[in-house]
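Colleague: I am new to this structure and would like a guided tour. Could you take me through it in questions and answers?

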Amino acid sequence: MADNPAERPTVTLLPGHQKRALHGHPWIFSNEVQMGAEARALAPGTLVTLRRADASALGVAMFNPHTLLAARLLDRDAARPIGRRFFARRLERALRLREQLFDAPYYRLVHAEADGLPGLVVDRFGAILVVQSNAAGMSRLEPLVLDALSELLEPEAMVLRNDSPARALEGLASETGVARGRIEGPVRVHENGVVFHVDLLAGQKTGWFFDQRDNRRFIASLARGARVLDLYCFTGGFAVQAARAGAGAVLGIDSSEPALRLAAEAAELNTVGETCSFRRGEAFGEAARLAAAGERFDIVIADPPAFAKSRKDVPAALRGYRKLARLAASLTANRGTLFLASCSFNVGEAEFAEAVRRGLGDAGRDGRLLRVAGAGPDHPVPERLQPPASRLKRQIGPLRIRRVPEGVSGQRTLPAGLV
């Protein structure tokens, strides 16, 4: 496990392929590397000293010879040992930032490259941490990560959610379990003055979507007296906060029965059980049925899981977002509010916005853009990984929806600045 910079293997870039790295980009791709027999023989996740073609050092990186993203830079100082002290310093820095941002310990503590820890995600739920290693190198270093987290925060338990699809690309197996300590059933998360129960072992991703915190607060600020539809409600983040803010009635729809049970529990826990109702169903089908029945809602929320798992999925994903925008707009009352989101890594903001614009046009609706937002500040993005290459959620909306005047073509252009 010990890293000795003097004994590390070396990986060398091809001539002329160092520019991006020199300008701060943390990734090196396989077609930028001299992939000789020695490099190909390295085990996935091996720590290497990365060098330019002239043999000068670029830094220390985690290397995987079997993936397109071949090297992830950990430090620009190739002489720095990657050990417990390295992780302690990076984690302390990440913690200081979150403690400036939030009063309570419920947030994303580590957001991969943005916190100088490529492939690592750590979410904090009070005294419990959820850890996800999405790169072969970080998986090899995971014991050091857990030790450093234990020393820094003394958590009651640490859960491994190593079941992300990204792990398959790195040649890693899927695994979920409690690495240290113990948990018994769902745990609580506090957000915007509301309390929820989350399943850290079986819920989506790490059990909760901290990235939507600010967007849930904003939607709740519009909800007083409103009839609200949440098409992908998961454990009730948007729905229950809207109800707590004074919504008249809230309907949440999701395909997961366990998630719906937690949403209903949250509604009861926050004394809005009579305001909220939850229904199991597929969002597209339920939206079509509600629209056919003439149902209309003052606020419609659609925050689906990623539609594009890879770049080849993008055309189908854009058709899906267009259809979702059409159905959601059809359900939004005149002068109502529509919120749409994408978390698809491979779909750029402009592509998503155009799909939304077309979907509104298909529904014969028009709108005014109130807000475009990304993930919360506990999900920072390195400047060199700005959208569309980042994992930021793209929020198109809320949109204040209105009918298209008679005699106007159904294909409408949204206000300048959206596309």
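This is a predicted model: local features need pLDDT of at least 70, side-chain atom pairs count only at pLDDT 80 or more; totals for chains, interfaces and linings use all residues.

Colleague: Thanks, that is clear. How many bridges join β8 to β9?

Modeller: Strand β8 covers residues 128-133 and strand β9 covers residues 157-162. The two run parallel, and V131 stands opposite L160 of β9. The number of bridges joining β8 to β9 is four.

Colleague: And on the β10 side, which residue is the bridge partner of R161?

Modeller: Here β9 pairs with β10 in the antiparallel sense, over six bridges. R161 has its bridge partner in β10, and that residue is T176.

Colleague: Which residues of β9 point the opposite way from A157, V159 and R161?

Modeller: In a regular strand, side chains alternate between the two faces of the sheet. In β9, A157, V159 and R161 point one way, and the residues pointing the other way are buried as well. Six of the six residues of β9 are buried, so the strand is largely enclosed by the rest of the structure. The residues you asked for are M158, L160 and N162.

Colleague: How are α3 and α5 oriented to each other, and what handedness does their crossing have?

Modeller: The axes of α3 and α5 (residues 142-153) come within 9 Å and cross at roughly 50°. The two helices are therefore oblique to each other. R84, F87, A88, L91, E92 and L95 of α3 meet residues of α5 that include L144, V145, A148 and L152. So the helices are oblique, and the crossing is right-handed.

Colleague: How many nonpolar residues does the contact of α3 with α5 have?

Modeller: Sorted by class, this contact has four charged residues and no polar ones. The count of nonpolar residues is ten.

Colleague: There is another helix pair, α11 and α12. How far apart are their axes?

Modeller: Helix α11 spans residues 314-331 and helix α12 residues 349-362. They pack at an angle of about 40°, which makes α11 oblique to α12. The crossing is right-handed. The axes are 7 Å apart.

Colleague: How many charged residues are in the contact of α11 with α12?

Modeller: On the α11 side, the residues include L318, Y321, R322 and R326, and they meet α12 residues, among them E351, F352, R358 and D362. By class, nine residues of this contact are nonpolar and one is polar. The charged residues number five.

Colleague: What is the relative accessibility of A70?

Modeller: A70 is part of strand β5, residues 69-75. Leaving aside neighbours within four places in sequence, A70 is in contact with I28, F29, S30, M62, F63 and N64. A70 counts as buried, at a relative accessibility of 1%.

Colleague: A55 is not a glycine, so what about its backbone: what is its phi?

Modeller: A55 is in the loop between β3 (46-51) and β4 (57-63). At 45% relative accessibility, A55 counts as partly exposed. Its phi is positive, at about 80°.

Colleague: And in which loop does A112 lie?

Modeller: A112 is another residue other than glycine with a positive phi, near 55°. With a relative accessible area of 14%, A112 is buried. Its loop is the one between β6 and β7.

Methods
Residues are numbered from 1 along each chain as its sequence is written. Side-chain values use heavy atoms; hydrogens and water are left out. Axes are lines fitted to C-alpha atoms, for helices over the stretch in contact, and angles run from 0 to 180 degrees between N-to-C directions. Angles under 35 degrees count as roughly parallel, over 145 as roughly antiparallel, 65 to 115 as roughly perpendicular and the rest as oblique. A crossing is left-handed if the near helix is turned anticlockwise from the far one by less than a right angle, and right-handed if clockwise. Contact means heavy atoms within 4.5 Å. Ala, Val, Leu, Ile, Met, Phe, Trp, Tyr, Cys and Pro count as nonpolar, Asp, Glu, Lys and Arg as charged, and the others, Gly among them, as polar. Two strands pair if DSSP finds at least two bridges between them. Buried means under 20% relative accessible area, exposed over 50%, partly exposed in between (1.4 Å probe, protein chains only).
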